[in-house]
Amino acid sequence: TALPAGHPLRSEGVAQSPLVRTLRGLPAAHTPVWFMRQAGRSMPEYRAAREGTGMLEACLTPELAAEITLQPVRRHGVDAAIFFSDIVVPMKLSGVGVDIVAGRGPVLEHPVRTAADVAALPELADADLDPIREAVARTVAELGDTPLIGFAGAPFTIAAYAVEGGPSRDHLRPRTMMHADPQSWEALAQWAARTSGAFLRAQVEAGASAVQLFDSWAGSLSLGDYEAHVQRHSADALAAVAELGVPRIHFGTGTGELLAAMRDAGADAVGVDYRIPLDEASRRLGGRTVVQGNIDPALLPAPREVLHEHTRDVLRRGRSAPGHVVNLGHGVPPETDPDVLSELVTFIHKETR
Ligand code: CP3
């Protein structure tokens, strides 16, 4: 491995952690669990820490980003921290005019729609990533044996925000661009892959022991379009950390038809949303790939016995894969009672020890 000396993954505690062992297909002391958006509005200490600070400003203040990353580990005892940042942070650091609007999501000053718009995209410089390296270093200094997961947005999801200029439902504009102006699409996707790849690499070099590539909106693509216009760019982003030897997770929503193609982009584990059961996902992956998921976030407020029965079913189906990391099918809803998440972590650890 080309990991720097002193990297957490070189320590016994992190290398033997349930998360890292499971992602490597090895047996673990219990089934690991973490939650997408575990650091967020569901927690009072998060709301207090964020008071008066914009989302991107919080992400770019290393001390605050590290503190927020640690909060759900302290409160819930999850098996991993995920770095508190956002998929548009590297875009922002490169100089693109983008902000995150509360209740809406990322919004660009100038949507990227023409060949000239793509050519004008600024390049991310290595030094731009210094606040990320500092936040990661501060985080892992406090984490002990709990691994930190680094992440980035996949090129399609990043490009979808860039072309639409903000959140959208069907992602029509980027899907049109692939066919109507394939050269511009190619240049935009390559830019996004470089930017996300550099963001991943900076987090791993500074101390992250696994990564997750979020292609949250890939589910709006046909398998044909995914293979022809997207997969190689996601492969490029994942390849940016290949030689470092950290496990790589690839996640999207509504991606039941794309699971094997997402694995083949270079992932050790595939994240599954709540729409298909894990045994079916594992079957589609040929039974040889670690899966992550897929408790339905809609069941978090349900009566405890209902949530427990659903969780037992998820655990049972997850056993058909060579490894299972428990997560939700998508992010923690902001209105979630944080005690439900803490109790769920305890329940999963007890059921699988
Ligand atoms: O805990 C974690 O998962 C780590 C932190 C994280 C955030 N965003 C923090 C965040 C991660 C991994 C992301 C990734 C992200 N950001 C994705 C991919 C994952 C997914 O959810 O599908 C996407 C699509 C985005 C873009 C984005 N950023 C959206 C759609 C929003 C929601 C806007 C809103 O207010 O509802 C954000 C903002 C954001 N990113 C918040 C957090 C905690 C909420 C900001 C706040 O607390 O005000």
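Me: Which residue in S5 is the bridge partner of Gly153?
Reply: This is a predicted model: local features need pLDDT of at least 70, side-chain atom pairs count only at pLDDT 80 or more, and totals for chains, interfaces and linings use all residues. Residues are numbered from 1 along each chain as its sequence is written. Helices (H or I, at least four residues) and strands (E, at least two) are DSSP runs, numbered from the N terminus. In S5, Gly153 has as its bridge partner Phe214.

Me: How many bridges pair strand S4 with strand S5?
Reply: Two strands pair if DSSP finds at least two bridges between them. S4 covers residues 148–153 and S5 covers residues 210–214. They pair in the parallel sense, and the number of bridges is 5.

Me: What order do the strands of the open sheet have, and which are the edge strands?
Reply: The sheet has 7 strands with parallel pairing, in the order S1-S4-S5-S6-S7-S8-S9. Each edge strand pairs on one side only; these are S1 (81–82) and S9 (324–328).

Me: At about what angle does H11 run to S4?
Reply: Axes are lines fitted to C-alpha atoms, for helices over the stretch in contact, and angles run from 0 to 180 degrees between N-to-C directions. H11 lies across S4 and S5. Its angle to S4 is about 170 degrees.

Me: How do H10 and H11 pack: parallel, antiparallel, perpendicular or oblique?
Reply: H10 (residues 172–180) and H11 (residues 182–206) have axes 5 Å apart, at an angle of about 120 degrees. Under 35 degrees counts as roughly parallel, over 145 as roughly antiparallel, 65 to 115 as roughly perpendicular and the rest as oblique. Therefore H10 to H11 is oblique.

Me: Which residues of H11 do Met177, Met178 and His179 meet?
Reply: Contact requires C-beta atoms, placed from the backbone, within 7 Å. The three H10 residues meet Pro182, Ser184 and Trp185.

Me: Which residues come nearest the ligand?
Reply: A residue is near a molecule or strand if its C-beta atom, placed from the backbone, lies within 6 Å of it. There are 24 residues around the ligand. Nearest come Arg37, Gly40, Gly105, Phe214 and Ser216.

Me: What is the phi of Arg37?
Reply: Most residues other than glycine have a negative phi. Arg37 lies in the loop between H2 (18–23) and H3 (44–50). Arg37 is not a glycine, yet its phi is positive, about 60 degrees.

Me: Which residue is joined to Gly293 by a cis peptide bond?
Reply: Most peptide bonds are trans. Here omega is about -20 degrees, and the partner of Gly293 is Asn294.

Definitions and conventions: Two residues are in contact if their C-beta atoms, placed from the backbone, lie within 7 Å.
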